[in-house]
Amino acid sequence: MIELYDCTLREGEQAAGASFNFQDRIKLFSILDDFGFDFIELGWPLASEEIFNSFKECKKIAKKSKIVAFGSTSIDKIPSNDLNLNSIVNCGADYACIFGKTWLDQVEKQLRITPQENIEKISSSIAFLKSKNIHVFYDAEHFFDGFISDPDYALETLKTAIQTGAERIILCDTNGGILPQKVEEIVKQVKSKFPNAKIGIHFHNDSGLALANALVSLPYITQVQGTINGTGERVGNLNFSEFLPIYSKKLNQSIEVDLKKLKQVNESSFHLAGLEIPESRPFVGNTSFLHKGGVHIDATNKGASYEHEIPEDFGNKRIAFLNTLGGSGSVINVAAQFGHNLDKKDPEVKFKIQSLFSELKNLENQGYKLGALEAEQYLLIKKYFSDYSEILSVQRWHVETEKKDQKEKSKFSIECAVDNKIIKKTLETEGGPIDAAYKTLQHILSEKYPQVKDLKISDFHVSIARKKAEESTVRTAITFQNKETFETVGVDQNLIQSAIEAIVKGFNYYVKNLVLKRRT
């Protein structure tokens with residue numbers, strides 16, 4: 001069974017805009033450990049006190065995964081004096097993955113030492129860590145470029161690492177430019193040269209070929225390294241959220257990870273790193289099993305598949321996109337999810353579908369992009385195919401906000417209706433204007449529907465809906481969470497109004513679809 005080695009907490013953090021604070025670092029380790037990775041690399045212990053201290057905390061909670069410290073071959077001429085190697089020893093990790101130079105170009109230009117001195121550096125560094133009872137993996141940096149340039153020297157570095165006690169030798173495409181045919185040729189030669197060695201691979205994705213390169217390497221290797229969401233320096237690294245489904249489902253190989261958690265784990269890694277989650281991702285993206293075209297929707301409704309795998313196998317789900325391109329089939333399919341069995345030949349149904357399309361077209365033109373959002377679909381379908389009425393609506397609002405001595409407070413006044421009863425309320429809170437709006441509306445609703453007290457905002461994202469210089473409209477997407485997670489959207493030139501719209505729709509969906517449904 002192949003070993004799975006995740007390096008999101010080190011390599012993934014090198015992506016532009018990515019960073020982990022201490023608590024998020026521990027949380028992501030726990031998520032990856034629970035998912036089932038064999039090895040999890042926590043980072044360079046020398047890089048920061050925060051990373052160094054994370055080893056102790058992660059060791060306390062580790063269930064299955066082995067914790068790995070990353071570093072380089074000795075910078076000091078004497079390994080026992082090297083701060084880098086000693087930080088690996090002192091952090092308490094049982095495993096170390098250190099990289100060394102394989103490519104003579106790097107030895108001469110970056111290290112500025114002789115080829116033999118580099119060989120001695122590899123040997124002495126591994127020997128030092130082994131003397132401290134640490135399991136050592138050796139990352140052969142720039143291996144493929146080095147092999148193409150001088151195969152004898154590249155192989156000599158591997159031989160040195162193996163003879164000194166490295167338990168895995170990791171072949172790295174550090175620049176991300178090697179092609180699959182060449183990868184297979186070289187990895188095969190390495191395995192032939194060192195038949196008893198346990199080989200791993202570490203591919204960067206600069207040419208979009210990390211996955212292909214990993215797949216052609218499989219007959220010859222023991223370990224695969226990557227990041228759970230493909231993030232990494234420059235373009236990124238091998239994406240485990242792509243590799244694992246293909247390895248398991250397409251190649252029918254056994255793995256000891258829970259693929260049904262894949263989408264959740266993938267998105268947690270983006271969220272904890274402070275990165276936006278792309279919608280379009282194989283297997284785990286929100287659009288991976290989304291059907292928009294009319295022919296596709298019609299076929300899916302009739303049981304004819306337009307899907308290469310079962311979405312639930314990866315923690316995902318099929319989404320019928322409510323849109324004007326999907327024809328009446330898109331409305332009928334979405335409506336069925338909410339208990340409405342519509343007859344598209346019925347004149348009244350036809351009329352309502354056309355009315356819904358008119359509104360949906362207008363919303364699409366404004367930049368709402370709500371066709372894949374279940375809460376938005378629900379609200380539209382119920383508006384046209386039931387006796388739906390809003391629980392909450394807003395007539396007018398006013399907000400005052402200030403920030404003084406790094407403290408922010410806001411006063412929000414509103415006139416709204418709850419079940420057609422007009423309510424006026426003013427609430428002053430700590431925080432910004434949108435936070436104040438949310439808390440005020442939550443306070444008002446909770447008097448009749450106390451369940452809304454448990455509803456939290458888990459994500460808040462603002463983007464441009466339609467560009468028009470200073471008069472551009474903004475799209476505010478808010479993710480709500482209690483026992484279930486859902487998203488609603490507001491669009492307006494005024495950011496606060498767009499957020500209030502999304503908040504109001506969120507409360508309406510939550511009360512109508514979740515609170516009242518549970519009562520019945």
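This is a predicted model: local features need pLDDT of at least 70, side-chain atom pairs count only at pLDDT 80 or more; totals for chains, interfaces and linings use all residues.
Residues are numbered from 1 along each chain as its sequence is written. Local features need pLDDT of at least 70, side-chain atom pairs count only at pLDDT 80 or more, totals for chains, interfaces and linings use all residues, and side-chain values use heavy atoms, without hydrogens and water.

Strand β5 (residues 135-141) has six of its seven residues buried (under 20% relative accessible area, with exposed over 50% and partly exposed in between; 1.4 Å probe, protein chains only). Strands are DSSP runs of E with at least two residues, helices runs of H or I with at least four, numbered from the N terminus. Strands pair if DSSP finds at least two bridges between them. β5 pairs in the parallel sense with β4 (residues 95-101) over seven bridges and with β6 (residues 168-173) over four.

The whole structure contains 24 aromatic pairs. Rings of Phe, Tyr and Trp (its six-membered ring) pair with centres within 6.5 Å; planes under 30 degrees apart are stacked, over 60 edge-to-face, and the rest tilted.

| Pair | Centre distance | Plane angle | Class |
|---|---|---|---|
| Phe 37 and Phe 240 | 5.1 Å | 50° | tilted |
| Phe 240 and Phe 243 | 6.2 Å | 65° | edge-to-face |

Phe 37 and Phe 240 are 203 residues apart. Phe 243 is buried, at 0% relative accessible area.
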